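Here are my notes on the model, as numbered points. Please read them with the structure open.

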Amino acid sequence: MSDDPFGQSIASLANWVPPDEPPTGQRAALHRLAAAMRIVAEALTDMQADEADLLAAAEAMEQFGARLEATRTGHRPWGFAESAPAGDARAMFDRSPVIGLGNPVAPPLRMEIDGDRIVGRATFGAQYEGPPGHVHGGIIAAAFDEVLGMAQARTGRPGMTGTLTIRYRRPTPLHTEVVFEARVDRVEGRKIFAAGTLHAGETLCAEAEGIFISVDFSRLTR
Ligand SMILES: CCCCCCCC/C=C\CCCCCCCC(=O)SCCNC(=O)CCNC(=O)[C@H](O)C(C)(C)COP(=O)(O)OP(=O)(O)OC[C@H]1O[C@@H](n2cnc3c(N)ncnc32)[C@H](O)[C@@H]1OP(=O)(O)O
């Protein structure tokens with residue numbers, strides 16, 4: 001990948017560390033808006049507002065949505081180099097559906113690097129419910145993809161998920177902080193083998209194995 005500046009910029013994201021300082025300005029406002037949208041999404045799963053109240057909110061949201069739509073450029077700023085001028089080299093992560101503080105769909109999972117492990121923490125609310133009172137298995141798979149994905153990216157030759165295998169051992173509770181852990185087991189040619197666990201307290205809720213295939217990411221932009 002040495003002749004591939006885009007690949008290098010993706011690989012450099014593997015050195016991501018959680019920002020020390022909270023964001024400011026437009027980005028802080030974006031995070032606040034996304035957080036407010038998460039509160040609304042969570043409340044919608046269990047609320048008693050009447051029809052008129054809901055319709056008034058829907059109207060306001062539709063109007064605001066139209067205002068935002070009108071400002072869209074279609075530009076996809078998804079590289080280290082491009083997000084740096086936006087004020088923060090890690091701005092790309094704002095968009096993630098799993099960790100993105102600017103994406104209301106994200107729980108959000110908070111990741112940290114601990115030696116050769118990636119640790120991810122999240123508290124899933126009712127909008128992520130699968131079986132009653134417990135987290136949807138597909139959401140758990142998405143979170144594993146992200147933490148195993150971060151672990152494999154730190155090899156410096158990040159790949160795409162080829163195979164992700166999950167063993168769900170115990171139902172994962174909602175409204176409780178749960179902890180994902182991931183690490184790289186071994187690298188064989190382009191294949192990076194990663195593994196992880198999900199715990200709720202002392203309970204092992206799920207285990208995952210992933211095979212990531214190192215790719216030339218500039219392919220994806222063509
Ligand atoms: C988006 C990534 C971001 C990068 C990181 C940035 C840093 C940030 C850090 C972290 C936070 C973010 C973390 C994100 C995590 C999310 C990642 C996803 O969800 S990715 C979306 C889902 N995955 C796809 O859509 C793949 C679709 N599939 C493909 O594009 C191809 O099939 C691909 C690239 C996987 C392989 O295709 P070929 O043509 O390049 O490779 P061939 O030549 O066929 O195989 C090479 C070797 O790999 C094995 N292989 C190929 N496919 C495999 C598979 N699916 N499973 C297992 N092994 C496979 C083969 O057996 C072969 O092994 P032998 O050399 O013979 O030993």
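1. Valine 119 stands opposite glutamate 181 in strand 4. Strands here, like helices, are DSSP runs numbered from the N terminus; a helix is H or I with at least four residues, and a strand is E with at least two. Valine 119 belongs to strand 2 (residues 117-123), on its uncovered face, together with Arg117, Arg121 and Thr123. The covered face of strand 2 holds Ile118, Gly120 and Ala122. In a regular strand the side chains alternate between the two faces of the sheet.

2. Before going further, note that this is a predicted model, in which local features need pLDDT of at least 70, side-chain atom pairs count only at pLDDT 80 or more, and totals for chains, interfaces and linings use all residues. Residues are numbered from 1 along each chain as its sequence is written. The pLDDT is the predictor's confidence in each residue, from 0 to 100. Its average over the chain is 88, and 82% of the residues score at least 70. The scores for the model are ipTM 0.94 and pTM 0.91.

3. The chain has 5 helices and 6 strands. Read from the N terminus, the order of elements is α-α-α-α-β-β-α-β-β-β-β. Of the 222 residues, 26% are buried. A residue is buried if 20 or more other C-beta atoms lie within 10 Å of its own, exposed if 12 or fewer, and partly exposed in between, with C-beta atoms placed from the backbone.

4. In what order do the 6 strands lie in the sheet? The order is 1-2-4-5-6-3, in an open sheet with antiparallel pairing. Strand 1 and strand 3 are the edge strands, each pairing on one side only. From one strand to the next, the twist averages 20 degrees. Helix 5 packs on this sheet and touches strand 1, strand 2, strand 3, strand 4, strand 5 (191-200) and strand 6. The direction of helix 5 makes about 130 degrees with that of strand 3; axes are lines fitted to C-alpha atoms, for helices over the stretch in contact, and angles run from 0 to 180 degrees between N-to-C directions.

5. The pairings can be followed across the sheet; two strands pair if DSSP finds at least two bridges between them. Strand 1 (residues 110-114) and strand 2 are antiparallel over 5 bridges, and methionine 111 has glycine 120 as its bridge partner in strand 2. Strand 2 is joined to strand 4 (residues 177-188) by 6 bridges, and there glycine 120 is partnered by phenylalanine 180. Strand 4 and strand 5 share 9 bridges, with valine 184 opposite alanine 194. Between strand 5 and strand 6 there are 10 bridges; isoleucine 192 has phenylalanine 212 as its partner in strand 6.

6. Glycines with positive phi occur in hairpin turns. Strand 1 and strand 2 form a hairpin with 2 residues between them, and glycine 115 in the turn has a phi of about 65 degrees. Glycine 115 counts as exposed because 7 C-beta neighbours lie inside 10 Å. In the hairpin of strand 4 and strand 5, glycine 189 takes a positive phi near 60 degrees. In that of strand 5 and strand 6, glycine 201 has a positive phi of about 60 degrees.

7. Histidine 175, in the loop between strand 3 and strand 4, has a positive phi of about 60 degrees although it is not a glycine. Histidine 175 is exposed, with 11 other C-beta atoms within 10 Å. The peptide bond from proline 107 to proline 108 is cis, with omega near -10 degrees. Proline 108 is found in the loop between helix 4 (80-83) and strand 1.

8. Which residues are closest to the ligand? They are Gly149, Met150, Ala153, Gly162 and Thr163, out of 19 residues that surround the ligand, each with its C-beta atom, placed from the backbone, within 6 Å. Helix 5 (137-153), strand 3 (159-168) and strand 6 (203-214) each give two or more residues to this shell. Helix 5 gives the most, with 5 residues.

Key
Contact = placed C-beta atoms within 7 Å.
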